[in-house]
Amino acid sequence: MAPSHILTILSLLLLSGVPVLSQDYETNDLDYDTADSSPEDTRLSIPDYDGQLMYWYECTSECSCPPSYPFAMYCDSRKLTAVPNIPGHIRHLYIQHNDIEEIISKPFINATSLREINLSYNKLQSSKVDKDLIQLHLEHNNLEDIPSPLPKTLKRLHLGFNQISKIPADATRELTKLTVLDLCSNRLTDAGIKGKILSDMKSLMQINMCNNKLKSMPADLPESIQQISLENNSISSIPPGYFKKTPNLLSLRMQHNKLKSVAYNAFNLSKLMELHLGHNQLFKSFFVPRTLEHLYLNHNDFKDLNISLMCPSLDLGNPNMLTYIRLDNNKLTGPVDYYAYRCFPRLVMIFYGIQRKGDEDDSETKKYEKPDRPKRPGGNKAIN
């Protein structure tokens, strides 16, 4: 087709007001309203020989913008020392595995559609981000503080594998839309998260503080919290009534801490489904809520498991949901009370595994398999 014909067709399309549509291949648009985002159109469209419209998007020379994913720009693993200029239509910037030490505002001037930045595995020591972002990845940098100010629009903030020791109040006060905060593998201490720093984040659903230096439970979590990850700390106790302020909790992960005991009703929550307490020093049974499905008690100091305390009553119309218990590497010497199968009728597995003998941590003693169901008196059929 001659160039003059192409120009004529383009002119007719523009004059007639015919809309020119393209498919947005983005799969995560549920996180924000695209109607509120009307970036300057940086596409050049001309008809090909079959009369179909073909699009070319502007892209920074240091990066790539694949036609199959036109709203993303890939700048990862290119030995960059600075963020390149970002075109106005880009929503997702992947710039991990580079040598960037700081973020300045100039490359973001035209980035009016940007919703996600992955800046993990760089050399950032400080960062100021003021775009209307939904998701920000800053893992594996050299951050000593949480960047401030952060966009009020943020929903997911990933700060793992840095050197952050505290959470300043002014860094989180405005993050009322944040749902996920990941601070695993930092240097957080109890003194670094004092006060009501976390309670201001009214939308927070998941908080990850694994692999830090905490000795006590983080204070004043918001009511919205659903998942708490505190593995690999030095927490020795859970205050009585601690979870009364978090009634929506679904999952608690506290393996590899120093828990010796917990209050009997510590986990009496109406929605709790997953409880990881492995690699602690627990030895007393506690109440198991009806909703709990997975319970991990491995690598503790249980010498017996009092099922009657764990399940003090039966409700055939509203049975307990527990399906899996892990008990290996305790100090159990006999089989689990068969009452467990009556009280927890949905049990699929009790992983008994290898038990320790006395104070020996790695001694291989008796390995106990799941027992046969007891037979009915005077018959051969097992009790179901």
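Analyst: A salt bridge is a side-chain nitrogen of Lys or Arg within 4 Å of a carboxyl oxygen of Asp or Glu. The model here is predicted: local features need pLDDT of at least 70, side-chain atom pairs count only at pLDDT 80 or more, and totals for chains, interfaces and linings use all residues. Residues are numbered from 1 along each chain as its sequence is written, and side-chain values use heavy atoms, with hydrogens and water left out.

User: What is the mean pLDDT of the protein chain?

Analyst: First the term: pLDDT is the predictor's confidence in each residue, from 0 to 100. The mean for the protein chain is 82, and 78% of its residues reach 70 or more.

User: Over which residues does pLDDT stay under 50?

Analyst: Residues 1-55 are one such stretch, and the model has 64 contacts for them beyond four places in sequence. Over residues 362-384 the pLDDT is also below 50, with 40 contacts beyond near neighbours in sequence. A contact means heavy atoms within 4.5 Å.

User: How many helices and strands are there in the protein chain?

Analyst: Both are DSSP runs, numbered from the N terminus: helices are H or I with at least four residues, strands are E with at least two. The protein chain has four helices and 15 strands. Of its contacts with a separation of 6 or more, 40% are between residues 24 or more positions apart.

User: Which residue forms a salt bridge with Lys123?

Analyst: Asp99 does, with the closest N and O atoms 3.7 Å apart. Lys123 lies in the loop between β5 (116-118) and β6 (135-137), and Asp99 in the loop between β4 (92-94) and β5, 24 residues apart. Lys123 has a relative accessible area of 39% and is partly exposed; Asp99, at 30%, is partly exposed as well.

User: Where do salt bridges share partners?

Analyst: Take one more pair before that. Asp328 and Arg326 meet in a salt bridge at 2.5 Å, N to O. Asp328 is buried at 4% relative accessible area, and Arg326 is partly exposed at 26%. As for shared partners, such salt bridges join Asp301, Lys331 and Arg356 into one network.

User: Now the rings. What angle do the planes of Phe267 and Phe286 make?

Analyst: A pair of aromatic rings is described by the distance of the centres and the angle of the planes. Rings of Phe, Tyr and Trp (its six-membered ring) pair if their centres lie within 6.5 Å; planes under 30 degrees apart count as stacked, over 60 as edge-to-face and the rest as tilted. By this rule there are eight aromatic pairs. Phe267 and Phe286 are an edge-to-face pair, with 70° between the planes and 5.2 Å from centre to centre. Phe267 is in the loop between β11 (251-253) and β12 (274-276) and Phe286 in the loop between β12 and β13 (294-296), so their pairing ties together parts that are 19 residues apart in sequence.

User: Is Leu297, which touches Phe286, buried or exposed?

Analyst: Leu297 is buried, at 1% relative accessibility. Its place is in the loop between β13 and α3 (307-310). Leaving out residues up to four places away in sequence, Leu297 touches several residues, including Phe286, Leu277 and Arg326.

User: Which peptide bond is cis?

Analyst: The bond from Ser148 to Pro149 is cis, with omega near 0°. Pro149 is found in the loop between β6 and β7 (156-158).

Definitions and conventions:
Buried means under 20% relative accessible area, exposed over 50%, partly exposed in between (1.4 Å probe, protein chains only).
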